Every structure is written in C-alpha cells, then in structure tokens.
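Please read the numbered points alongside the sequence and the model.

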Amino acid sequence: MPNPDGSRKRSLILAGGGIKVAFQAGVLQVWLDEAGLAFDHADGASGGCLNLAMYCQEMSGTRIADNWRNLDPVAGVDFNWAQYLRLFYAESLFQLGNYRRKVFPAWGLDWEKIHASPREATFNVYNFTRHEPVVYTPEQVTEDLLVASVSLPMWFEPVRIGGDVYIDSVFNTDANLEEAIRRGADELWVIWTVSQRGEWLDGFVANYFQIIEAAANGRYKDVLKRIDANNQAIAAGGHGEFGRPIEVKELKAEVALHYLINFSRDRAAEAVNQGVEVARAWCKERGIPLKQDVAAYPTQVHEAATRLQFTEDMKGYIALGETEFQRGFDVGSERKTFLQAHMTIEIEGVDHFITDPQHAAAIEGTVTCDAFGGARPIDSGTFNLLVPGKDYTDKRMFYRLHFRDASGNPLTLSGTKIIRDDPGFDVWSDTTTLFTHIYKGTVTAEQEKDAEVLAAGIIRIGLLDFLKQLTSFRVEGPTLSDRTAALGRFGRLFLGKLWDVYAREVVSVGPF
C-alpha cells in the first residue's frame, strides 16, 4: 500500500527495553536528524512509548537523545513505602510518581502538543481487567496512559483508569508490527534493545527479566516468521497473509544497561552515545547518507572541565620473527628479549572519556627494548578502556604506541587485554596481561591485517607496579569537588565495566 507518490510507507517501531531505550534515543538522533529519515507511522511499546511521546511532540532526535543524556536515573522512581508492610502481597516495590512530577516536565512533555500531533502513531498498553491489548493514538494520550505503558508488574504499581487496571504491554507485545502493517506500512524500521544473548542466570530478579526476554523475543520472532512466510508466498505468485511484501529493517544491539536497575547517569548517557555510534555505522553499511557537518555527538553530562592522568608500567618478553603471543613470550624469555612500556595515560576531559563508548585517551612515555635500540620515546599513543568485544560481557583494552627504533624507522606496538569471565578467578590476569604485536611502520587498527609483524609476545603489570600505579593518579579541575567527582566517576566506570563481566550473577549489568 504505497503512498500517493508511489513511495513505500515506512513505520518506525520503537520497541520496549526498559531504560535500555536510552540507546534507542541515540538511534533517533541519527535517523531523524543526521539521515533526515521520515516515517509515515510510528509505534511504541513499553519503554519505547516514552520516546514515541517525544517524537509525537515533534522533538528533534537530538532533543530526545539529550533528554536521556541528562536524565538522573534515580530521579523518576520512588519507593512504594506504604506497601512494604504487606510483604509478599505488596502492590509494587516502587512508584512512578516522580516521572510524573519530575521527568516528564524536565523532558518538556506537553500533552496539548502531543494531542495535536500531525504524526500518525500508536501506543500500546495492556488492559488487564479485560485481558486485551489496547492501542491508543496521540490525541488519546494522557499522563495516566503513558505511565501505564511502562508500569511493569511487581516493580511499579498498575494504573487504574475508568475502573480497569492497565499495565505494560511487554508480556503481550514489545513491538506491535501487526498494527504497523494494518496501517499500511511496507517497511518496518525496528530499533530492538531487548537482549537476545540467551544467557540464563539464577535468582528471582534475573528470572523475572529473562521471562520478559522470552515473551518479547518469542512474540517478535514469531511475527518475523509470519512476515517471511508472507513474502515467500507473494514471491511464488500467491497472496500471502498480509497481501503485499513487507520489508523489515532491523537495528538491534546488546546495550550495557539493566532494564531497570541503574544508578549511573554516566552509564545512561553512554548508552545514548552507543546508539549514535551504532546507528551511524548501520546507515553507512546500508548506503544511507548522513549530514557531514554533525559533531561526533554531545557527551557532556557534567559541566566542569577536568583532566586525569595515571602511569602504567608493563614488562615482559617478545621474540622477533614470531606472530603468536605465547610462543613469542616463551622464545623471548629464553633469548632475554625484554620489553618494557612505561606509559602515562592522559584523559583530557573526564566527562567526554566516560560517556564516549570508545573511552579513548592519549598515551605518552617510552618503549624500552634492546632489539629496537633501548629506551625509545613514544611519538603518539592511544588507549581504549574496557570497550565491548563480541558484546558488553566480553571487553577489551587496546593500547597503540607509535615509536621509532634507533635508526629512525617507525614501529607500532599494538596490545590487547582480553577481559572475559573464564573458569576460575581470572580478573587479575585479564586486567594485567597485554598480548602484544610489534608492527613495521605506523599502523592503524584497520591496517593491521595487511601489516608486517616484526615481533610478538606478552607483557604484564606486576603487583608492585600496580600498587605504584594506584598512587600515580592525578586529577585537575576547577574545584576540589570537581576533582573528587572526576576521580570517583572514573573509578565507577572501571568497576562497573568489570561488573558486566565478572559479577553478572548478582545483577546482570553493572548498576553503577
């Protein structure tokens, strides 16, 4: 059912995912503002309804993203104290009254503007009294209905409207693709943040959200199968369930935010920026042009300009002519080919570093190895702290040091720490072991696959050097309070990222 001008009708699907939809807001910044995409219809479910309300008010994608960047995650939730004496019969653990009083006004939600929205949109909620899903439109939006759309049972109290009980639609649908198709959509542009890792963790909190994952993913994949069967039938000359081909354009990601349990404004802002980063790459892969004059993305959550540095010493062995790390270490140990990297890591702008998903900093210092002429100054270097590998439960630290040998020939030390929860206590070895290659020339990460490897090995931080590193932290900032806050935020970032890997049995994603 194309538009009058013959173009295919697009529907924007803002699926749920608790506060993981902060990532979704980052995608909207790119799709709406940088790519200039327009949609004929939009649908929201669960947490996606919050973004849909702002979209219906015709806020820019950047405004929606900034609303999440500047949200204090604990500002919207208050304890349902009156219910606690009822123990197992309590209505809920928390209330959403502060979303009504604080968050919605801070976001600039205007019900009259939403009611008058020129955008076709559908919100989803579940009427538990009648046991039927309810779809409502912008002109029907009320504060009660929007709150009901995110009222997750047990965690938040249900909303009573006209004598009926309303709750989050997630157990019925977390992305109402059928409604979009009913309204004529030929293309479904889906932003999906519910985890599809399929990892089972014990404990009632983990179980609760794993049940949500089962309901949301199972329902979503079932509809995708129906769409696929429809398209195959039409391609074979039949009619198909939906009567026309339906194209699904899916952007999905594993987002390092718990669905509800998060106390970190920094982590939420980073999730928004991850959405920007992933959406830009997604558009590039599909040939969707973006504006060329956009900034990397705004990341400033705190206003104070702060700077942090610390020193790290790593020592070990490499072997010339080897490409495999362990063999390079073993052979280098026999040949006494010792290598030491003395590095000062400079974080210029702690706020940007913490909320930038790549957590990038500069490195100064020296690389010392007799094979390359002794102590050689680092011309330039970069460091990335605990960035995702295959997903946020598998992280990497990257070191890239450009230096020259005694004859002036350019060399590159490329090192990786692999942070992964293997059997046994491995957090110490993971965070102190650098798997190292020495490349000929000045080599970027993208050029490594074609570059010449001169040496390989392993260098490590020893216990005494680690203790010295802890005393080397220096912070600059306007006030003592700013400096203390910057150091604390860096510490929470580091420990929170490790939590994602090693403490998942407690809470599946670091809450700090």
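1. Two strands pair if DSSP finds at least two bridges between them. Helices (H or I, at least four residues) and strands (E, at least two) are DSSP runs, numbered from the N terminus. The model is predicted, so to speak of local features requires pLDDT of at least 70 and side-chain atom pairs count only at pLDDT 80 or more, while totals for chains, interfaces and linings use all residues. Residues are numbered from 1 along each chain as its sequence is written, and side-chain values use heavy atoms, with hydrogens and water left out.

2. Strand pairing. Strand 14 (residues 360-369) runs antiparallel to strand 15 (residues 374-391), and seven bridges join them. Among these contacts, C369 has G374 of strand 15 as its bridge partner.

3. The next hairpin. Strand 15 also pairs with strand 16 (residues 394-404), again in the antiparallel sense, over nine bridges. The bridge partner of D391 is D394 in strand 16. Two residues separate strand 15 from strand 16 in this hairpin.

4. Aromatic pairs. Rings of Phe, Tyr and Trp (its six-membered ring) pair if their centres lie within 6.5 Å; planes under 30 degrees apart count as stacked, over 60 as edge-to-face and the rest as tilted. The structure contains 33 aromatic pairs. One of them is the tilted pair of F79 and F94, with 5.3 Å from centre to centre and 45° between the planes. This pair links distant parts of the chain, since F79 belongs to strand 3 (residues 78-79) and F94 to strand 4 (residues 92-95), 15 residues apart.

5. Exposure of the aromatic residues. Relative accessible area is classed as buried under 20%, exposed over 50% and partly exposed in between (1.4 Å probe, protein chains only). F79 is partly exposed because its relative accessible area is 41%. W81 and Y84 form an edge-to-face pair, 5.4 Å centre to centre with 65° between the planes. Which class does W81 fall into, buried or exposed? W81 is exposed, because its relative accessible area is 58%. Y84 counts as partly exposed because its relative accessibility is 26%.

6. The aromatic cluster. F79, W81, Y84 and F94 belong to one aromatic cluster that also includes W155, F156, F171, Y208, F209 and Y259.

7. Charges over rings. A charge sits over a ring if NZ of Lys or CZ of Arg is within 6 Å of the ring centre and within 35 degrees of the ring normal. R119 lies over the face of Y55, 4.2 Å from the ring centre. Likewise, R460 places its charged end over the ring of F329, at 5.3 Å from the centre of that ring.

8. An arginine at the surface. R182 is part of helix 7 (residues 177-182). R182 is exposed because its relative accessible area is 58%. R182 and F242 stand 60 residues apart in sequence, and their C-alpha atoms are 8.5 Å apart in space.

9. On a 1 Å grid over the protein atoms alone, a cavity is a set of points where a 1.4 Å probe fits but cannot get out, and a pocket is an open set with protein on both sides within 12 Å along at least five of seven lines; lining residues have an atom within 4 Å of a point. Grid points are joined across faces, edges and corners, and a volume is the space filled by probe spheres set on the points. How many cavities of 30 Å³ or more does the whole structure hold? The search finds two.

10. The largest cavity. This cavity holds about 170 Å³ of space. Its lining has 16 residues, and Q210, E213, Y259, R504 and S508 are the closest to its centre. Ala, Val, Leu, Ile, Met, Phe, Trp, Tyr, Cys and Pro count as nonpolar, Asp, Glu, Lys and Arg as charged, and the others, Gly among them, as polar. On that basis the lining of the largest cavity has six nonpolar, five polar and five charged residues.

11. The second largest cavity. About 80 Å³ of space lies here. Its lining includes S264, D266, I354 and F512. Helix 14 gives the largest share of this lining, four residues. By class, three lining residues are nonpolar, one is polar and six are charged.

12. The largest pocket. Its volume is about 640 Å³. Of its 34 lining residues, I19, V77, F156, Y259 and L260 lie nearest the centre. Strand 3, strand 7 (154-156) and helix 8 (204-235) are the elements that give two or more residues to this lining. The lining of the largest pocket comprises 26 nonpolar, five polar and three charged residues.
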